Amino acid sequence: MSNSLSAINDNYLSDSSDEDEEEEEEEKKLRKTGETLFVPESILSWKGVPHHEEKIDNPSEHNGRIRSFKHERGNWSTLIYINYTATDTMLSWIKSIETLLPKDSNILLDQFHLSLTRTLVLKYHWIESFVKSLKELCSVLVRFYIELMDIKVYCNEERTRTFLAINCSNTMLNFTINIINNMLAEYQLPPYYEDPSNHISIFWWVGDKENCLNKVLPSIKSSFEQFYVNNTEDNYVYVDELHCKIGNKLYTFPLKLHNHR
């Protein structure tokens, strides 16, 4: 993707949880024999909840999606993001534009989110430290609002998936990404895209549909602008926590409340 993530790269919500679960069971067995490092109690006390995803090794089993990288034992697919729960009014608008889109469109619905990192590859023995670092970072980041600004089309770097998304803006959002980038550097993980176009994907397609979508984009933009004017309260999203998906586990970290004087 040119200057953004392919929304979750957007292959992120499609990582193989079956493999992650098998790997986790293997690691549990190895811990008993002392053959590998175990996850300390300090992390088990706020361990991520199970976050099951479908297998994606066979594209025919998941609408043609292709893994962005090969799964390897000891590597855990990781993503930090902001969850977005659309209002009923926003959901109605999203569904209303479906008639303007290519027939093979897929609505994300329960996967609406705004990515703050690329899809990362985290080593198993880094998980404890990584989660602890992210928890500490979130404890000093102040809660904020993001504004839903515009509609844009995105394509991932491999041109294997295309997305229609709501573009977002906020100075605090960019600051948060920069702070997370600093943390990622400590683990020699790649930063988020330079000059990122922050967005929440709402529809996706297999393959490169950019030219096709650009033809109907003016009509969709016009519809969104009308929605924006008539539903100003739906155009702001309150961010009070960050989420981190590591393998098949989901972690949630609250942000700091504003100081009151």
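Is arginine 159 buried, partly exposed or exposed? I looked this up and found that arginine 159 is partly exposed, with a relative accessible area of 38%. The classes I use are buried for under 20% relative accessible area, exposed for over 50%, and partly exposed in between, with a 1.4 Å probe and protein chains only.

I note that this is a predicted model, in which local features need pLDDT of at least 70, side-chain atom pairs count only at pLDDT 80 or more, and totals for chains, interfaces and linings use all residues. Residues are numbered from 1 along each chain as its sequence is written, and side-chain values use heavy atoms, with hydrogens and water left out.

**Entry: positive phi**

I placed arginine 159 in the loop between β6 and β7. Helices (H or I, at least four residues) and strands (E, at least two) are DSSP runs numbered from the N terminus. The phi of arginine 159 is near 60°, a positive value in a residue other than glycine. Most residues other than glycine have a negative phi. I then checked glutamine 188, whose phi is near 55° and likewise positive. Glutamine 188 lies in the loop between α5 and β8 and is exposed, with a relative accessible area of 72%.

**Entry: strand pairing**

I count two strands as paired if DSSP finds at least two bridges between them. Strand β6 (residues 144-155) runs antiparallel to β9, joined by 4 bridges, and glutamate 147 stands opposite tyrosine 236 in β9. β6 is also joined to β7 by 8 bridges, again antiparallel, with tyrosine 154 opposite phenylalanine 163 in β7. The hairpin of β6 and β7 has 5 residues between the strands, and arginine 159 takes its positive phi there.

On strand β7, I found 7 antiparallel bridges to strand β8 (residues 199-206). Isoleucine 166 stands opposite isoleucine 200 in β8.

How many of the 9 residues of strand β7 are buried? I recorded 8 for this strand (residues 161-169), so β7 is largely enclosed by the rest of the structure.

**Entry: helices α4 and α5**

I next examined helix α4 (residues 127-140) and helix α5 (residues 171-186), which pack at an angle of about 155° with their axes 11 Å apart. The axes are lines fitted to C-alpha atoms, for helices over the stretch in contact, and angles run from 0 to 180 degrees between N-to-C directions. α4 and α5 are therefore roughly antiparallel to each other, a class that takes angles over 145 degrees, whereas under 35 is roughly parallel, 65 to 115 roughly perpendicular and the rest oblique.

Which residues make the contact? From α4 I listed Phe130, Ser133, Leu134 and Leu137, and from α5 Ile179, Ile180, Met183 and Leu184. Contact means heavy atoms within 4.5 Å. These residues divide into 7 nonpolar, 1 polar and no charged. Ala, Val, Leu, Ile, Met, Phe, Trp, Tyr, Cys and Pro count as nonpolar, Asp, Glu, Lys and Arg as charged, and the others, Gly among them, as polar.

**Entry: leucine 137**

I returned to leucine 137, which is found in helix α4 and counts as buried at 10% relative accessibility. Leaving aside neighbours within four places in sequence, leucine 137 is in contact with Ile179, Ile180 and Met183. I also noted phenylalanine 253, 116 residues apart from leucine 137 along the chain, with their C-alpha atoms separated by 9.3 Å.
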